[in-house]
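User: Can you walk me through how the domains of this protein pack? Keep it quick.

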Amino acid sequence: MKFGVCYYPEHWPESRWLIDVQLMREAGIDIVRIGEFAWSKMEPQYDVYDWEWLDRAIDVLGRAGLQVVLGTPTATPPVWLSRAHPDILRVDADELQRDHGTRRHYCPNSTTYRAYSRRIVRAMAERYGTHPHVIGWQIDNEFGGGKTARCYCPNCVTAFSAWLAARYKSIETLNEAWGAVFWSQSYAGFDEIRPPHAGVNYKNPSQVLDFYRFSAESYVAYQQEQIDILRDLAPNHFITHNFMGLYRDLDQHALAKALDFATWDAYPTGFPERWRNFLYAPDADFSRNDPVYAYDVGEPVMINMAHALTRGLKQQPFWIMEQQCGHINWAGLNPQARRGTVRLWTWQSVAAGADVIVFFRWRSTLFAHEQYHSGLLRHDGSTDVGYADLLAMQAERRLFDVVTSEPHSAEIALLFDWDDLWALELQPHRTGFDLMRHLFVYYRALERMGVPVDLVSYRNDLSRYKMLIAPTLHVADALKIAAVTDAVEQGATLLLGVRSGFKTPSNLVTDQPLPGALSDLAGVMIVTWESLPPGVEWAVTSPIAGLSGAASYWMERIRPKNDTEILATYLDLPKPDNAALTCRSLGAGSVLYLGWYPTHEQATSLLQALMQEKGIRPIAELPEGVHASRRGQQLILLNFTDSHHTVKVGKDQIVIAPRDVRVISAPV
Ligand code: GAL
């Protein structure tokens, strides 16, 4: 297991570098990421390169035994480029053109920008592609960060038309696929179509979904150009990108495909504040984290779900490319970490499947946007709380090695798909209906029970799971249906939820009885569906312990077909259209359809029943605020509270101190 740090040598006098690397070595740092925002230092004028400072920086780091990860600097084009070629600047949905002075202000579809981006990457790779101190590359930085996933500039107008022409071949096919006859939207040629910018108020969801797909593919193509150059000139280096956890606007699976492994930037006190809005029920109190947790640890359930998503991108171990190591500067509330919290986050990441932890950042900056962000060192160069934790963790290096040598594994997977996420986001039909939130109901229930769970795409390997949960398989494409059908036939239990099978791949409503193309697989027909206002409930009864009660939020009346079993019914509705939960056996497995949107408690009860049937057991009995993870034989217990807790593991009682970690060797 390795530790790393994000370093900006260009921000500090060279006389300081030697002191910095010495402090890095003393704290057990092995890897340093540099360069990702330094284009104007590398190429201060067009075609005038200055590599000497970077040569010296890599040399100083390398001679101290540190390995270097280079970031390609394309998130921050230099000003000469923006002024000479304003067509590289992105345009937001409201037609505002972004300008120099920030980052990520480029358009990935600008052919000019693409050419310059290839040039700088080639120049870097020619210089460092076989450098003995360099081990790998991070492409760009956080694709989509700062609301930059979708661009509406003239380059994108042209590229979107071309993308549509390639997808639909004829304009008649597009008109049909989009239902363009509605409100006289029909087009006579692809060049008449524009990206759905803010000037179009009631947008066509088929057009918007295609634009989202196009935007996602634009970044994949843009990234691939850099990958091709690096594969050619740096054949022995790894290539990765730093993702943003539960970030929604780009297809992370498609981006991860050509990378060697995925990484993400984990900010446990920052992201929960953003994500709470689409993960917890819409009426939840957003003012602070669940009070069971200590005030400075963030919200571990949400962060663990982001770990799960990143782990699922390639179903492999991953890195944390930026691990928060003190307070951050960009949330509403930015508490400083107390002693022990950075260690807790580090173990949390490792427990979830990370093998390398790179801290952000080395030293607090004296200038520009991130002045209030902490690093391992303070502004004045003295060591800060994260550094102290890192020093303390050196005593645990062997234990980290033991844990990271084992795989993270789960018997249950939540199924996730970007089309489903985006289509529901476009037409939630009920305040707060969101695929991530629906997944989170199950994620949270499993996490709180101490049951490992993966979050994967339908395109991943599903054969390794005993249970699959697809809360809303909304856009029913053939690949997704084939993937789940196959898994069920091989023995998996599949739980499908409301609004499944509703849409076609071009985001039209199916003309078949619901759940459309999933109707045969699930052995059900949905007779009616309702988006329920707050307080409106349907009484439900079920032999499954804890499941009886009320269906709220969203309900569907199910008519079971032939041999489909009924596991819950709506009390006040007549047969045969009163089923609320059904189960159909298929091959070696079974398919359940849950007709309402469950509460946390109902999801917990249903999962407990299904787990019992499949022989899936929680890792340990967990008190509230204590989380557990397993890597092979190693059980990792993490206490996110300010109190002592006792955890029962088998016959043992394990006491765990506030914000502390216990690693226990516990053969499965
Ligand atoms: C990340 C970004 C870093 C830095 C950090 C601050 O999103 O990649 O460059 O800005 O946030 O928390």
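Analyst: What follows covers the domain layout and one interface. This is a predicted model, where local features need pLDDT of at least 70, side-chain atom pairs count only at pLDDT 80 or more, and totals for chains, interfaces and linings use all residues. Residues are numbered from 1 along each chain as its sequence is written, and side-chain values use heavy atoms, with hydrogens and water left out.

User: Which domains is the protein divided into?

Analyst: Domain 1 (2-76 + 117-146 + 207-404), domain 2 (412-614) and domain 3 (626-665). The bounds come from an automatic or database domain assignment.

User: How much area do domain 1 and domain 2 bury between them?

Analyst: About 2800 Å², 58% of it on carbon and sulfur atoms. Buried area is the accessible area (1.4 Å probe) that two parts lose on being put together, summed over both. Arg248, Met305 and Gln315 supply 25% of what domain 1 buries against domain 2, more than any other three residues.

User: Switching to charges. How many salt bridges across that interface?

Analyst: The rule finds four. It asks for a side-chain nitrogen of Lys or Arg within 4 Å of a carboxyl oxygen of Asp or Glu. Separately, the side chains of Arg213 and Asp419 form a salt bridge at 3.0 Å, N to O.

User: Last one: how far apart are the centres of domain 1 and domain 2?

Analyst: 36 Å, taken over C-alpha atoms.
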